[in-house]
Amino acid sequence: AIQFKAKQESLQGVARPDKTQTFSFDRVFTHCAKQQQIFKELQPLVVSVLDGYNVCLLAYGQTGSGKTYTMIGTEGERGIMGLALGYMWNRKQQQERNYEYKIGISVMEIYNENVYDLLSSHQKESAPDLKGEKKRPGLEIRQGSNAESIVPECTTVWIENGLEEALPLLVKGMRNRVVGVSNANHHSSRSHCIVRVQVEGRNKFTQECTNGRLFMVDLAGSERPTKVPSGSNIVPGMAEMITRKGVANSLLKETQSINKSLSALGDVIEALLQQKSHIPYRNSKLTYLLQPALSGGSKVTFIIALTPTRECVHETMNSLQFAQRLGRVQLGEARKQVQLV
């Protein structure tokens, strides 16, 4: 279904035996690529956060394509989130003679159009019940200055001891995230996960202060509710379980909510592409929360995860076409967030 060209900058998608479409991107990785190889391409963006720029890294693709593995990784091989935090901390230490940095981490999820704090001590109270309903209301998003989206009640932990303190926060957040059975995966992320890293910097000589933010987003995968690929990983007995009325309704609601928010993201991208005067950021909690990172003056990179099997070719082609549209969006020159004290 997918063929890679030698330069690793383009690929071909085959929707039908008689039709081939070529797509070009900044970089293409095969399934053999290591996490460090992918992160190496993103290092310049991560460094710019320390310089005071807003950066957004998003993983997009269908359920089961490897988005969560790419962003979060495993205990033996860290994903982009862990690698980025480690790289930023090392750069912080290297520049301590000239700069003073504070690094804060927040971990949130958007589940059924509600925002939840995955580091909150009350997270257990907001865990979903058997019907997928949260027991506590979601957090409120407010509009701050300069089109900044603020979540006042969200926990921010300021790191003082490097990765030994930061990585357990990621683990805690991922454990509190909503997962469940989908039609393509028996352990599927059913929410959008956003790790927000805030970096406050001060030049010890000029007293220039910077405030950069890094948004790392593991998007929930879209899927057709009726699609169950052959050879899927649904465990024995699970097919019967997901047909129970309460659970089935929950899965349907989750899928509709995920697809709606991803559609809203597509609408924002389309509006940016056409340079419209009004960008519909408020049509979903996802785009509203990411407004500072998706608006002009920010640096944005999408990582498109693909499933190169023929049975998933339609979802793969949709992802490739969406990525092609992304490549045509112009956000303008990135702006450094600075102030003098």
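Biologist: Let's start with T210: which strand is it found in?

Modeller: T210 sits in strand 13, residues 208-218. Strands are DSSP runs of E with at least two residues, helices are runs of H or I with at least four, and both are numbered from the N terminus. This is a predicted model, where local features need pLDDT of at least 70, side-chain atom pairs count only at pLDDT 80 or more, and totals for chains, interfaces and linings use all residues. Residues are numbered from 1 along each chain as its sequence is written, and side-chain values use heavy atoms, with hydrogens and water left out.

Biologist: Why is T210 called buried?

Modeller: Buried means under 20% relative accessible area, exposed means over 50%, and partly exposed lies in between (1.4 Å probe, protein chains only). T210 has a relative accessible area of 10%, so it counts as buried.

Biologist: And what does T210 touch?

Modeller: Leaving out residues up to four places away in sequence, T210 touches L50, D51, G52, V199, E200, G201, K336, Q337 and V338. A contact here means heavy atoms within 4.5 Å.

Biologist: What share of the contacts in the protein chain joins residues 24 or more positions apart?

Modeller: Among contacts with a separation of 6 or more, 68% are between residues 24 or more positions apart. The chain has nine helices and 15 strands, and buried residues make up 48% of its 341 residues.

Biologist: What makes E254 a buried residue?

Modeller: E254 belongs to helix 6. Its relative accessibility is 5%, which is under the 20% limit, so E254 is buried. Not counting residues up to four places away in sequence, E254 touches Y111, N112, V178 and R190.

Biologist: Which residues line the second largest cavity?

Modeller: E254 is one of them, along with I110, Y111, N112, E113, R190, S191, H192, S257, I258 and S261. Strand 5 (99-111) and helix 6 (245-273) are the elements that give two or more residues to this lining. Helix 6 supplies the largest share, four residues.

Biologist: Why is a space called a cavity rather than a pocket?

Modeller: On a 1 Å grid over the protein atoms alone, a cavity is a set of points where a 1.4 Å probe fits but cannot get out, whereas a pocket is an open set with protein on both sides within 12 Å along at least five of seven lines; lining residues have an atom within 4 Å of a point.

Biologist: How much space lies in the largest pocket, then?

Modeller: About 1,500 Å³. Of its 45 lining residues, R27, F29, F302, I303 and I304 are the closest to the centre. Strand 14 gives the largest share of the lining, six residues.

Biologist: How do you know that helix 3 spans close to what is expected?

Modeller: The expected span is 1.5 Å times one less than the number of residues. Helix 3 (residues 80-94) has 15 residues and reaches 21 Å from its first C-alpha to its last, close to the expected 21 Å. Its buried residues include I80, M81 and W89.

Biologist: What span does helix 9 reach?

Modeller: Helix 9 (residues 313-326) has 14 residues and reaches 20 Å between its first and last C-alpha, close to the 20 Å expected. Among its buried residues are V313, E315 and F322. Helix 9 is also one of the elements that give two or more residues to the lining of the largest pocket.

Note on methods. Grid points are joined across faces, edges and corners, and a volume is the space filled by probe spheres set on the points.
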